[in-house]
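Please keep the sequence and the coordinates open while reading.

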Amino acid sequence: QADLQQKKEPAQEDSDLDRKRRETEALLQSIGISPEPPLVPTPMSPSSKSVSTPSDAGSQDSGDLGPIGRTLQWDTDPSVLQLQSDSELGRRLHKLGVSKITQVDFLPREVVSYSKETQTPLATHQSEEDEDDEEMVEPKAQNDLEMENQDQKQEVKEAPPRELTEEEKQQVLHSEEFLIFFDRTIRVIERALAEDSDIFFDYSGRDVEEKDGDVQAGANLSFNRQFYDEHWSKHRVVTCMDWSLQYPELMVASYNNNEDAPHEPDGVALVWNMKFKKTTPEYVFHCQSSVMSVCFARFHPNLVVGGTYSGQIVLWDNRSHRRTPVQRTPLSAAAHTHPVYCVNVVGTQNAHNLITVSTDGKMCSWSLDMLSTPQESMELVYNKSKPVAVTGMAFPTGDVNNFVVGSEEGTVYTACRHGSKAGIGEIFEGHQGPVTGINCHMAVGPIDFSHLFVTSSFDWTVKLWTTKVRNPSWCEVGNATFSFHAVWAIILAGIITCLGLSLFSSHSWGPVPTANVTIEGASALNRVRWAQAGKEVAVGDSEGRIWIYDVGEV
């Protein structure tokens, strides 16, 4: 009985193992893992009563099997569940468990190839067998890469550009970057198209000797060019002109309103360029009131100052894309309320002011940084009772305190800005009509001529004055023509009349001019202005034209 009981115990253990195996297989099938047959057939002992074969369900049959080494393997990713039994040692089968997984990543080998135009990293997978042939593969890869780059370039060249929509076009046209680019580019292109150089010019003077008139070598006055714009200059009177100190080739001219174009701005200021042969102005500025006087702001090459008929002082800046003033004075009792015919910037680089005088006799001193209120103001009154209707003002060279003014009554006054004698000083009577122009001597040398000044008037006369004597030192009487303007050059006084331009030398004052020219086809000439070097003189007329003459030896 003891032996039978010992035999029953192993059989009972086998039946428990089969039951647990079947439960495990059912559990694995429920989670989607199907057992596979063993790769190696399980050896059987001679005493085995049955053969173990894989079934459709992946289970193993069991009977009176002795200790047999068997292994069931399931192909899982990445877990491997193994059921092992050690037959030799007679141990029990191990329980199923999750094995430890270790992942290792092997980076592909990077192969760098170079071409003549581009440097592109090329990463490829190479096996161990291809490592020996690496040197042979690299030249081929380089050639292929060059061919691909050429094909890509051809595709890029052949690809047509995308056409912008109307909305995108308008957005580009109105962008600030495009406006800056276009504004500068049109000036450059216009200059290039307008240049017309004579490559056959003979500097020996042989070609010039064959010609006659004002264009001969050594001529006193020769016509250079004309400034006129059909849109902005037509039917406008040239009211004032000024040359730039920083850029001698630039000249600014002011114009009054055009009665034939009521919708156009009343006041216009045009900046012309002598350096290039183009026929359009370099800059166009305008405002809503006629510009009666204009000047370049000394020490500020980008600013242009204008005095208007309404009494406002306007300031334009060529760095701004606006044609309208960037600053303007208010129309109030603290500033000007009458036409301003005189604007001038006096002083030094570190201390300078804008001086303006209106026809009601009010003089104001401004800072160019702030035109809201004047820094100083003064009423120009003679003998404390007679207001002076100023039509012209001039400062001697290097003087910021003393100045001279001309009036509508024909009288000329000396005045000063500061000191115990501030205001109107002496009076000079000599003209029988309004003073149209006044200018001080501009020469600087060993002899002081700053006390000299010249005036022109509607009484057909041009007079030379000195502040030391109240009577005129010299007088030129026109031949039934009005004298509109007179200005000084280095050694010349330029005088214009209704018919032409006359030059008188300070070395020999007399009734005969040193040089004289009659401008054919011109309207009434009313403004003249010398260039800073004294080699050109500009003349403006009542139809908006500006005539530039070169001055030779006199």
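Is Lys278 buried or exposed? Lys278 is buried, at a relative accessible area of 2%, where buried means under 20%, exposed over 50% and partly exposed in between, computed with a 1.4 Å probe on protein chains only.

## Basis of the model

This is a predicted model, in which local features need pLDDT of at least 70 and side-chain atom pairs count only at pLDDT 80 or more, whereas totals for chains, interfaces and linings use all residues. Residues are numbered from 1 along each chain as its sequence is written, and side-chain values use heavy atoms, with hydrogens and water left out.

## Salt bridges

The search of the whole structure finds nine salt bridges, each defined as a side-chain nitrogen of Lys or Arg within 4 Å of a carboxyl oxygen of Asp or Glu. One of them joins the side chains of Lys278 and Glu282, with an N to O distance of 2.8 Å.

Another salt bridge pairs Arg19 with Asp16, whose closest N and O atoms are 3.9 Å apart. Both residues belong to helix H1 (residues 2–30), where they are three residues apart, about one turn of the helix; helices (H or I, at least four residues) and strands (E, at least two) are DSSP runs, numbered from the N terminus. Arg19 is partly exposed at 38% relative accessible area, and Asp16 is partly exposed at 31%. A network of salt bridges links Asp16 and Arg19 with Glu23. Lys169 and Glu163 also meet through their side chains in a salt bridge, at 3.9 Å from N to O, with Lys169 partly exposed at 30% relative accessibility and Glu163 exposed at 64%.

## Aromatic pairs

The structure contains 12 aromatic pairs, meaning rings of Phe, Tyr and Trp (its six-membered ring) whose centres lie within 6.5 Å, with planes under 30 degrees apart counted as stacked, over 60 as edge-to-face and the rest as tilted. Phe285 and Trp316 form a stacked pair, with 5.7 Å from centre to centre and 15 degrees between the planes. This pair links distant parts of the chain, since Phe285 is in strand E9 (residues 283–287) and Trp316 is in strand E12 (residues 313–317), 31 residues apart. Both Phe285 and Trp316 are buried.

The rings of Tyr382 and Tyr413 have centres 5.5 Å apart and planes at 50 degrees, so this pair is tilted. Because Tyr382 lies in strand E18 and Tyr413 in strand E22 (residues 412–416), the pair ties together parts that are 31 residues apart in sequence. Tyr382 counts as partly exposed, at 24% relative accessibility, whereas Tyr413 is buried, with a relative accessible area of 1%. Elsewhere, ring pairs link Phe178, Phe181 and Phe182 into a cluster.

## Cavities

Rolling a probe the size of a water molecule over the atoms shows where empty space is left. The structure holds two cavities of 30 Å³ or more, a cavity being a set of points, on a 1 Å grid over the protein atoms alone, where a 1.4 Å probe fits but cannot get out. The largest cavity has a volume of about 40 Å³, a volume being the space filled by probe spheres set on grid points that are joined across faces, edges and corners.

The lining of the largest cavity, which takes in residues with an atom within 4 Å of a point, consists of Leu250, Val271, Tyr283, Phe285, Phe296, Pro301, Asn302, Val304 and Asn318. Phe285, of the stacked pair with Trp316, is therefore also one of the residues lining this cavity. The lining divides into seven nonpolar residues, two polar and no charged, where Ala, Val, Leu, Ile, Met, Phe, Trp, Tyr, Cys and Pro count as nonpolar, Asp, Glu, Lys and Arg as charged, and the others, Gly among them, as polar.

## Cysteines

The structure holds zero disulfides, a disulfide being a pair of cysteine sulfur atoms within 2.5 Å. Cys240 is in no disulfide, and its nearest cysteine sulfur, that of Cys295, is 7.7 Å away. Cys240 is buried at 16% relative accessible area, and Cys295 counts as buried at 6%.

## Positive phi angles

His235, although not a glycine, has a positive phi of about 60 degrees. His235 is placed in the loop between strand E5 (221–227) and strand E6 (238–243), and counts as partly exposed at 35% relative accessibility. Lys384, likewise a residue other than glycine, has a positive phi near 60 degrees. The loop that holds Lys384 runs between strand E18 (381–382) and strand E19 (386–387), and Lys384 counts as exposed, at 83% relative accessibility.

Technical notes:
1 Å grid on protein atoms, 1.4 Å probe; cavity = no way out; pocket = protein on both sides within 12 Å on 5 of 7 lines; lining within 4 Å.
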